[in-house]
Amino acid sequence: MARLELLGIKEKALVLQTPWAAQTEDGGHTPPFRGKSAEEMNDLYDRYYDHLKMSGMRMAKLPEEHVICPTDHQWGTAAYHYIEPAYSWMCDQIRAAV
């Protein structure tokens with residue numbers, strides 16, 4: 001935070017809060033990441049997002065309806081791959097922030 005403030009860019013920064021997807025488009029479960037489920041990873045990340053929020057960072061949280069992993073992603077099924085509307089939403093948030 002201190003570095004962002006020193007550089008005068010803290011108020012310009014945007015944090016995209018992107019929960020890990022537990023489900024795939026077809027209703028299946030995403031595979032664990034380094035032995036942890038999407039739910040466990042979300043629990044781990046929550047404290048970081050909370051800290052950023054408490055520090056005054058501008059946040060945008062991916063809507064739950066977009067927190068889904070496609071079954072045909074080019075790099076496979078993973079909790080950090082999302083359906084196309086999620087990426088469109090992220091682009092919209094970035095455009096709105098600039």
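These legends describe close-up views of a predicted model. Local features need pLDDT of at least 70, side-chain atom pairs count only at pLDDT 80 or more, and totals for chains, interfaces and linings use all residues. Residues are numbered from 1 along each chain as its sequence is written, and side-chain values use heavy atoms, without hydrogens or water.

**View A. A nonpolar surface patch includes Leu-7.** Patch residues have over 30% relative accessible area and no salt bridge; nonpolar side chains (Val, Leu, Ile, Met, Phe, Trp, Tyr) are joined within 5 Å, like charges within 9 Å. Leu-7 lies in helix H1 (residues 2–7). Helices are DSSP runs (H or I, at least four residues), as are strands (E, at least two), numbered from the N terminus. Leu-7 is exposed, at 53% relative accessibility. Exposed means over 50%, buried under 20%, partly exposed in between (1.4 Å probe, protein chains only).

**View B. Helix H3 has buried and exposed residues on opposite sides.** Ala-86, Trp-89 and Met-90 are buried. They share one side of H3 because they cover an arc of only 100 degrees around the axis (directions from the helix axis to the C-beta atoms). Strands E1 (14–17) and E2 (58–61) are included in their cover. Glu-84 and Arg-95 are exposed on the other side.

**View C. Glu-5 and Lys-10 form a salt bridge.** The N to O distance is 3.2 Å. A salt bridge puts a side-chain nitrogen of Lys or Arg within 4 Å of a carboxyl oxygen of Asp or Glu. Glu-5 is partly exposed at 47%; Lys-10 is buried at 15%.

Notes. Accessible areas come from the Shrake-Rupley method with a 1.4 Å probe; for residues, only the protein chains shown count as cover. Contact means heavy atoms within 4.5 Å.
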